[in-house]
Amino acid sequence: MTGKRALVLGGGGVTGIAWETGILHGLSEQGVDLTDADLFVGTSAGSVVAAELAGGAELAGLYAGQLLPPDGEIPARLTPWMLVRYALSYVMPGTPAAKRARLGRAALKASTPSEESRLAVFDSRLSTKDWPERLLKVTAVDTATGKFVAFDRDSGVPLVKAVASSCAVPLVWPPVSINGNRYMDGGMRSVANVDLAAGYDRVVVIAPLTRSASPAATPGAQAAKLGVPSIVISPDGAALESIGTNLLDPARRKPAAEAGRAQAASVAEAVGKVWN
């Protein structure tokens, strides 16, 4: 795959979508256009942005959309109890898949909005409903087995369902039904799943979150293991302040997007060296 480039977009909630969109738009204004990637990898929030870009959406329009007021949107929140439940799932004995399945069982029992209502949200917000011609991988986890999957256009899964499943934060949003199974957030395996870019020659990772249950699954560790020119960009101090403490709060979307756009100037040269 000589010269092939991969753009990996990690999870980070509503504010993650906004910050990623802002920094990608800001990079394009600095002359570094990442939308011509040969592969897009999207996890959770990153799956929304990856699907839009792979489908040909213009960054300027996507960015403008992030600045709109969140009229009618209700913020969700990861409560302290939910975070404890996550931690318990991963510290208890078992293989990584078994630990994810343990969390998956909890996700299936949780009181959440209906699956139909969540699918309607993604159907209304994604500008494209069909898998793009450019290669796009959307990550998710089977709630029953903990198996990690990367949906693509050959998987026989509707794009809206693939993205909705990747964004199905356990205990907050309902797992998504696909071919008789229920799937949850791909970030439960890794916040960015950078290893899916293996075989590509240059890799840029935009990761709102960088911590992982396993040190080997962090974006930085996965990128280093690829053995090719790569860079991981995560929110700087100003962006973290703008994002705030609740990644699922639509009211923080605009400041997060603006912070991403502002941060782009400080990383454009380094990103450009990898990409170009």
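Residues are numbered from 1 along each chain as its sequence is written, and side-chain values rest on heavy atoms, with hydrogens and water left out. Since the model is predicted, local features need pLDDT of at least 70 and side-chain atom pairs count only at pLDDT 80 or more, whereas totals for chains, interfaces and linings use all residues.

Two packed helices are described by the angle between their axes and the distance between the axes. Helices here are DSSP runs of H or I with at least four residues, strands are runs of E with at least two, and both are numbered from the N terminus. The axes are lines fitted to C-alpha atoms, for helices over the stretch in contact, with angles from 0 to 180 degrees between N-to-C directions.

Helix α1 (residues 13-29) and helix α3 (residues 59-66) have axes that come within 9 Å and cross at roughly 140 degrees. The two are therefore oblique to each other, given that angles under 35 degrees count as roughly parallel, over 145 as roughly antiparallel, 65 to 115 as roughly perpendicular and the rest as oblique. The crossing of α1 past α3 is left-handed, a term for a near helix turned anticlockwise from the far one by less than a right angle, with right-handed used if the turn is clockwise. In this contact (heavy atoms within 4.5 Å), Ile17, Ala18, Thr21, Gly22, Leu24, His25 and Ser28 of α1 meet Leu59, Ala60, Leu62, Tyr63 and Gln66 of α3. By class, the contact of α1 with α3 has 7 nonpolar, 5 polar and no charged residues, where Ala, Val, Leu, Ile, Met, Phe, Trp, Tyr, Cys and Pro count as nonpolar, Asp, Glu, Lys and Arg as charged, and the others, Gly among them, as polar.

With helix α2, the axis of α1 comes within 8 Å and crosses at roughly 40 degrees, and these two helices are therefore oblique to each other. Here α1 passes α2 in a right-handed crossing. On the α1 side, Gly13, Gly16, Ile17, Glu20, Thr21 and Leu24 meet Ala45, Gly46, Val48, Val49 and Leu53 of α2, and the residues of this contact divide into 6 nonpolar, 4 polar and 1 charged.

How many residues of helix α2 (residues 45-54) are buried? The count is 10 of the 10, so α2 is largely enclosed by the rest of the structure; buried means under 20% relative accessible area, exposed over 50%, and partly exposed in between, with a 1.4 Å probe and protein chains only. Among these buried residues are Ser47 and Glu52. After α2 comes Gly56, whose phi is positive, near 95 degrees.

A pair of aromatic rings is described by the distance of the centres and the angle of the planes. Rings of Phe, Tyr and Trp (its six-membered ring) pair if their centres lie within 6.5 Å, with planes under 30 degrees apart counted as stacked, over 60 as edge-to-face and the rest as tilted. By this rule the count comes to 1 aromatic pair. The rings of Phe151 and Tyr183 have centres 5.4 Å apart and planes at 75 degrees, so the pair is edge-to-face. It links distant parts of the chain, as Phe151 lies in strand β4 (residues 148-151) and Tyr183 in strand β6 (residues 181-185), 32 residues apart. Both Phe151 and Tyr183 are buried.

Positive phi angles also occur at two asparagines. Asn179, in the loop between β5 (176-178) and β6, has a positive phi of about 50 degrees although it is not a glycine, and Asn179 is exposed, with a relative accessible area of 65%. Asn193, in the loop between β6 and β7 (202-206), has a positive phi of about 55 degrees, but Asn193 is buried, with a relative accessible area of 0%.

The loop between β6 and β7 also holds Arg189, which counts as partly exposed at 24% relative accessibility. Not counting residues up to four places away in sequence, Arg189 touches Arg100, Val141, Phe148, Asp195, Ser212, Ala217 and Gln222. The C-alpha atoms of Arg189 and Arg100 are separated by 7.5 Å, although the two residues are 89 residues apart along the chain.

Val204, in strand β7, is buried with a relative accessible area of 0%. Leaving aside neighbours within four places in sequence, Val204 is in contact with Ala6, Leu7, Val8, Leu34, Ile231, Val271, Val274 and Trp275.
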